[in-house]
Amino acid sequence: MLVFWEKGYDATSIPDLLKAMELSRSSLYETFTDKQTLYIEAIHQYKKFNQNKRNLLVNAPAAKVGIQQYFDWHISSAFDDDLPKGCLLTKASIGLDSPDEQLSQLIRDSFEELEQAFYELLSKGQQTGEIDAEKDIKALSHLLLNLNHSIKVVSKVKNNKKIIYDMMNTVIEML
């Protein structure tokens, strides 16, 4: 997962994977069949890796608190020197010119799951009066999804947490 996350699908070679996984070529192919199958498995692992972060939205005591906690974690991971820069799913969505349908569906599902988690939390916020009932929470959910992916992209270019936090705080104030 880390090799694909760091290099992207196209730039990751079979020797890179063999070295990282400490496997022989035959073991790799016996277990995963091909690079594409291994990549899909890596994306599944990445989603599991990020599940605790998503749980912050599901288990939030209040909408703005949950969104703040989610993005605090997200920003911390974006600037964590022990993790590859960027987002594996963002790279997957733009890194392949013609991804196969299984990969495309996996990426779409992941994006939709996160957007739905934002939507459900914002909906709870509207029910409690924390979020104005006149706000278009579908559009806000989409905005938060885009903020999520843009943070990982911008953090690769601008190594400045303040810019990212300012952006996040501005969006939360809009809620």
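Analyst: Start with S155. Its relative accessibility is 4%. Buried means under 20%, so S155 counts as buried. Keep in mind that this is a predicted model.

User: Where is S155, and what is it in contact with?

Analyst: S155 sits in helix α9. Leaving aside neighbours within four places in sequence, its contacts are A78, F79 and I164.

User: What makes E22 exposed rather than buried?

Analyst: Its relative accessibility is 72%. The cut-off for exposed is over 50%, so E22 counts as exposed. E22 belongs to the loop between α2 and α3 (25–32). Its backbone deserves a look too: phi is positive, about 55°, although E22 is not a glycine.

User: Why is T33 called exposed?

Analyst: At 56% relative accessibility, T33 is over the 50% mark, so it counts as exposed. T33 lies in the loop between α3 and α4. Its phi is also positive, near 75°, and T33 is a residue other than glycine.

User: How much of the contact set joins residues 24 or more positions apart?

Analyst: Among contacts with a separation of 6 or more, 66% are between residues 24 or more positions apart.

User: Now the rings. Why is the pair Y9 and Y39 called tilted?

Analyst: Two values decide it. The ring centres are 4.7 Å apart, and rings pair if their centres lie within 6.5 Å. The planes stand at 50°. Under 30 degrees would be stacked and over 60 edge-to-face.

User: What does the pair of Y9 and Y39 tie together?

Analyst: Y9 lies in the loop between α1 (2–7) and α2 (14–21), and Y39 in helix α4, so the pair ties together parts 30 residues apart in sequence. Both Y9 and Y39 are buried. With F4, they form one aromatic cluster.

User: And what makes Y70 and F118 edge-to-face?

Analyst: Their ring centres are 5.4 Å apart, and their planes stand at 80°. The distance is within 6.5 Å and the angle is over 60 degrees, so the pair is edge-to-face. Y70 is in helix α6 and F118 in helix α8, so the pair ties together parts 48 residues apart in sequence. By the same rule, the count comes to nine aromatic pairs.

User: How do you know that Y70 and F118 are buried?

Analyst: Y70 has 1% relative accessibility, so it counts as buried. F118 is at 0% relative accessible area, and is buried as well. Both values are under the 20% cut-off.

User: What makes a set of residues a nonpolar core, and which residues touch the most other members of the largest core here?

Analyst: The members must be buried, of the nonpolar kinds that count, and joined through side-chain atoms within 4.5 Å. The largest core has 26 residues. L57, I67, F71, F118, L122, L144 and I151 touch the most other members. Elements giving two or more residues to this core are α6, α8, α9 and α10 (161–174). A second, separate core has 23 residues, including L18, L28, L83 and A92.

User: What does I151 touch?

Analyst: Not counting residues up to four places away in sequence, I151 touches F71, H74, I75, A78, I164 and M167.

User: Last label. What makes a space a cavity rather than a pocket?

Analyst: In a cavity a 1.4 Å probe fits but cannot get out, whereas a pocket is open. The search of the whole structure finds one cavity of 30 Å³ or more. The largest cavity holds about 130 Å³ of space.

User: Which residues line the largest cavity?

Analyst: There are 15 lining residues, and N50, R54, L89, L114 and N148 lie nearest the centre. By class, seven are nonpolar, five polar and three charged. Helices α4 (35–49), α5 (51–58), α6 (63–78), α8 (101–128) and α9 (137–157) each supply at least two residues of the lining.

Conventions:
Residues numbered from 1 in each chain as written. Predicted model: local features only at pLDDT ≥ 70, side-chain atom pairs only at ≥ 80, totals over all residues. Heavy atoms only, no water. 1 Å grid on protein atoms, 1.4 Å probe; cavity = no way out; pocket = protein on both sides within 12 Å on 5 of 7 lines; lining within 4 Å. Points joined across faces, edges and corners; volume = space filled by probe spheres on them. Helix = DSSP H or I, 4+ residues; strand = E, 2+ residues; numbered from the N terminus. Nonpolar A, V, L, I, M, F, W, Y, C, P; charged D, E, K, R; others polar. Buried < 20%, exposed > 50% of the residue type's maximum accessible area, 1.4 Å probe, protein only. Contact = heavy atoms within 4.5 Å. Phe/Tyr/Trp six-rings, centres within 6.5 Å; stacked < 30°, edge-to-face > 60°.
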